[in-house]
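Please look over the sequence and the model shown here. A short report on some of its features comes after.

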Amino acid sequence: MSNDSSSSTPKSSYRDSLKSMDTEEHIDLAFYRPIGYAWACLAKKLGVTPNAITIASIFLGLGAGVLFYFPELWLNVIGMLLLVWANSFDSADGQLARMTHQYSRLGRILDGLSGDFWFAAIYVAICLRENVTSEFFMAHHWVIWVMAVVTGLCHAKQAAMADYYRQFHLYFLKGDEGSELETAFTLKRQLASLSWKKNFWKKLTLSTYTNYTLQQEATAPAMQRLRRELAKRFPDGKIPSKFREDFRRKSLPLMKYTNILSFNWRTIALFTSLFLTMPWLYFAFELTVLNILLIYMVVRHERICRYFTRELQEGKY
């Protein structure tokens with residue numbers, strides 16, 4: 001299909017703004033992606049960059065977090081609307097980047113950090129709120145803060161691995177151009193070539209991203225063995241289409257779990273806990289339901305990677 005916008009219909013342009021139907025979540029397709037596409041089209045006309053949209057989403061998410069501190073439901077509802085608005089911007093920045101080919105590692109890092117800022121503000125608001133409204137937490141101030149810290153660490157791991165498995169799936173579906181999959185080895189080499197004195201901010205962001213990638217790789221050792229086996233057998237990067245399709249077929253059922261570990265189901269749980277005036281329930285949801293899903297997803301994906309590594313070693317591709 002031509003990249004000329006004059007020959008592209010609005011429908012095809014919208015489809016082009018999506019990563020892939022394999023990795024899209026139903027709520028996103030029904031709600032956030034159409035709204036994000038409208039924001040992206042407006043931003044394109046106004047010359048607004050994807051990174052500018054991401055930064056705007058950070059402020060909206062921080063505002064939502066502040067409003068969740070107050071026990072008044074009407075303020076919480078305004079916070080919910082702000083968080084939905086922030087996520088529509090989070091959708092728009094990626095869609096705009098794909099529409100205008102404004103890809104950058106900084107944009108990917110900012111996109112990941114935006115959600116971290118939102119939820120950091122939400123966690124702090126919940127802790128402060130529970131310490132002044134709940135008799136139990138008023139008597140045991142430290143409990144809610146410990147819950148928040150542990151939940152935050154779990155949240156980071158859940159989001160990182162969900163993103164990692166999506167990118168690996170996209171790599172076999174679309175190749176290098178359709179995936180943001182990188183290796184810590186390559187990132188370390190790029191990091192070593194930068195000077196703290198001359199490239200301070202670039203080196204700082206790359207250091208953060210490298211550590212993020214190292215943690216992802218450490219959680220998925222079987223995936224790393226599969227990647228090394230693929231590099232060994234196909235050094236030119238031309239992985240057989242049959243292997244790509246076979247891996248995609250086995251990986252596809254796991255994409256629904258990566259979506260549950262992303263934004264939408266978290267916010268459903270968060271909004272429910274706020275309507276029930278028991279925001280601490282959100283921490284309980286992340287610590288139990290989402291951690292169980294994370295463990296199940298990692299175990300399943302590692303099993304798939306071990307299977308395909310054996311298939312390669314036995315010369316079946």
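## Basis of the model

The model is predicted, and local features need pLDDT of at least 70, side-chain atom pairs count only at pLDDT 80 or more, while totals for chains, interfaces and linings use all residues. Residues are numbered from 1 along each chain as its sequence is written, and side-chain values use heavy atoms, with hydrogens and water left out.

## Helices α7 and α11

Helices are DSSP runs (H or I, at least four residues), numbered from the N terminus. Helix α7 spans residues 141–174 and helix α11 residues 241–251; their axes come within 8 Å and cross at roughly 145 degrees. Axes are lines fitted to C-alpha atoms over the stretch in contact, and angles run from 0 to 180 degrees between N-to-C directions. This crossing of α7 and α11 is left-handed (the near helix is turned anticlockwise from the far one by less than a right angle; clockwise is right-handed).

In contact (heavy atoms within 4.5 Å) are Phe168, His169, Tyr171, Phe172 and Leu173 of α7 with Phe243, Arg244, Phe247, Arg248 and Ser251 of α11.

## Helices α13 and α14

The axes of helix α13 (residues 263–275) and helix α14 (residues 280–313) also come within 8 Å, crossing at roughly 145 degrees. Here the crossing is right-handed. Trp265, Arg266, Ala269, Leu270 and Ser273 in α13 meet Leu281, Tyr282, Phe285, Glu286 and Leu290 in α14.

## Surface patch

A nonpolar patch on the surface consists of Val66, Tyr69, Phe70, Val124, Leu128, Val132 and Trp145, with about 580 Å² of accessible area together. Patch residues have over 30% relative accessible area and no salt bridge, with nonpolar side chains joined within 5 Å; areas come from the Shrake-Rupley method with a 1.4 Å probe. Helix α5 (residues 105–133) gives the most, three residues, and Trp145 lies in helix α7.

## Salt bridges

The structure holds 10 salt bridges (a side-chain nitrogen of Lys or Arg within 4 Å of a carboxyl oxygen of Asp or Glu). One of them joins Asp246 and Lys242, with the closest N and O atoms 2.9 Å apart. Both residues, Asp246 and Lys242, lie in helix α11, four residues apart, about one turn of the helix.

Conventions. Helix = DSSP H or I, 4+ residues; strand = E, 2+ residues; numbered from the N terminus. Patch = residues over 30% accessible without salt bridge, like charges linked within 9 Å, V, L, I, M, F, W, Y side chains within 5 Å.
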